[in-house]
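Biologist: I'd like to learn how to read a structure like this one, feature by feature. Could you walk me through it at the screen?

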Amino acid sequence: MDSYRVKAGPEGYLPPAAACVGICLPERGHALLEGELVPEERALEEIARRLLAAGNPVFFPGPLILWDWKEGVAEKARALQVLAREVRAKIIPMPDYRPKYPMINPAVEINPNHPNLTIWHNHIDVCVFIGVHCHYANVALKIIRGGTDCYTIAICGEVGHEDAMISLRDAGLRTLERLTAMVREMKRKAGDVG
């Protein structure tokens with residue numbers, strides 16, 4: 001049996017969780033590229049290439065980067081804005097997906113997120129999750145892979161996401177700055193100074 005690859009879909013209504021078909025999270029200094037463990041530098045180069053080649057790249061920042069909740073977050077958010085400008089990407093913030101207590105209104109809350117609809121509606125060909133809580137990102141990435149042909153990238157501050165086509169781990173301010181530098185260098189080599 002061929003090893004499973006995490007590629008752009010649509011893969012079907014119920015794609016398997018990548019972890020259930022043998023995809024393991026990367027060790028420190030490594031990343032996932034379509035389910036394969038690669039050095040982080042290789043994954044960064046591929047992210048830069050994908051973002052520059054995309055027709056409609058979009059960043060989806062989540063609460064961990066949208067809210068200035070601890071030291072260093074505001075700097076990371078500014079670095080994300082710089083990167084988005086460099087690759088001419090839109091930014092669509094994640095909705096507030098926190099649980100509502102003491103109870104929810106099931107007529108309103110039963111269907112809280114369908115990231116595939118956002119991808120379809122906006123014709124997004126490359127999307128980047130950053131600052132999204134892992135449990136939400138894992139479900140959303142799987143839904144996107146199942147129902148769209150969008151290429152997914154997760155820039156994760158924790159251990160990464162198997163269901164993204166490219167997933168970094170332990171990504172912080174320095175990671176975003178390195179990625180932006182790579183994008184600028186690729187643009188310089190291509191003669192794109194805009």
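This is a predicted model: local features need pLDDT of at least 70, side-chain atom pairs count only at pLDDT 80 or more; totals for chains, interfaces and linings use all residues.

Biologist: Thanks. Can we step back to the whole chain? How many helices and strands does the chain have?

Modeller: The chain has seven helices and seven strands. Read from the N terminus, the elements run β-β-α-β-α-α-β-α-α-β-α-β-β-α. Of the 194 residues in the chain, 44% are buried. Sequence separation is worth a look too: taking contacts between residues at least 6 apart in sequence, 71% join residues at least 24 apart.

Biologist: In what order do the strands sit in the sheet?

Modeller: The seven strands form an open sheet in the order S2-S1-S7-S6-S5-S3-S4, and the pairing is mixed. The edge strands are S2 and S4 (90-91), each of which pairs on one side only.

Biologist: How do I read the pairing at the S2 end? Which way do S1 and S2 run?

Modeller: Strand S1 (residues 30-33) and strand S2 (residues 36-39) run antiparallel, joined by four bridges. Follow Leu32 as your guide: its bridge partner in S2 is Leu37. Across from S7, Leu32 stands opposite Ser167. S1 and S7 (residues 166-168) also run antiparallel, with two bridges joining them.

Biologist: And at the S4 end, which way do S3 and S4 run?

Modeller: Strand S3 (residues 57-61) and S4 run parallel, joined by two bridges. There, Phe59 stands opposite Ile91 in S4. Helix H3 packs on the sheet, touching S3, S4 and strand S5 (126-130), and the direction of H3 makes about 170° with that of S3.

Biologist: How do I describe two helices that pack together?

Modeller: Two packed helices are described by the angle between their axes and the distance between the axes. Here, helix H3 (residues 73-86) and H7 pack at an angle of about 15°, with their axes 9 Å apart. Angles under 35 degrees count as roughly parallel, so H3 is roughly parallel to H7. The crossing is left-handed.

Biologist: Which residues meet where H3 contacts H7?

Modeller: From H3 come Glu75, Lys76, Ala79, Leu80, Val82, Leu83 and Glu86; they meet Leu173, Leu176, Leu179, Thr180, Val183, Arg184 and Lys187 of H7. Sorted by class, this contact has eight nonpolar, one polar and five charged residues.

Biologist: What does Cys156 touch?

Modeller: Not counting residues up to four places away in sequence, Cys156 touches Cys134, His161, Leu168, Arg169, Asp170 and Ala171. Cys156 is in the loop between strand S6 (151-155) and S7, and it is buried at a relative accessible area of 4%. The C-alpha atoms of Cys156 and Leu168 are separated by 5.7 Å.

Biologist: What should I look for in the backbone?

Modeller: Most residues other than glycine have a negative phi, and most peptide bonds are trans. Arg88, in the loop between H3 and S4, has a positive phi of about 55°. His123 also has a positive phi of about 55°; this residue lies in the loop between helix H5 (115-122) and S5. His123 is exposed, with a relative accessible area of 64%.

Biologist: And which residues does a cis peptide bond join?

Modeller: A cis peptide bond joins Gly9 and Pro10, with omega about 5°. Pro10 lies in the segment before S1.

Conventions
Residues are numbered from 1 along each chain as its sequence is written. Side-chain values use heavy atoms; hydrogens and water are left out. Two strands pair if DSSP finds at least two bridges between them. Axes are lines fitted to C-alpha atoms, for helices over the stretch in contact, and angles run from 0 to 180 degrees between N-to-C directions. Angles under 35 degrees count as roughly parallel, over 145 as roughly antiparallel, 65 to 115 as roughly perpendicular and the rest as oblique. A crossing is left-handed if the near helix is turned anticlockwise from the far one by less than a right angle, and right-handed if clockwise. Contact means heavy atoms within 4.5 Å. Ala, Val, Leu, Ile, Met, Phe, Trp, Tyr, Cys and Pro count as nonpolar, Asp, Glu, Lys and Arg as charged, and the others, Gly among them, as polar. Buried means under 20% relative accessible area, exposed over 50%, partly exposed in between (1.4 Å probe, protein chains only).
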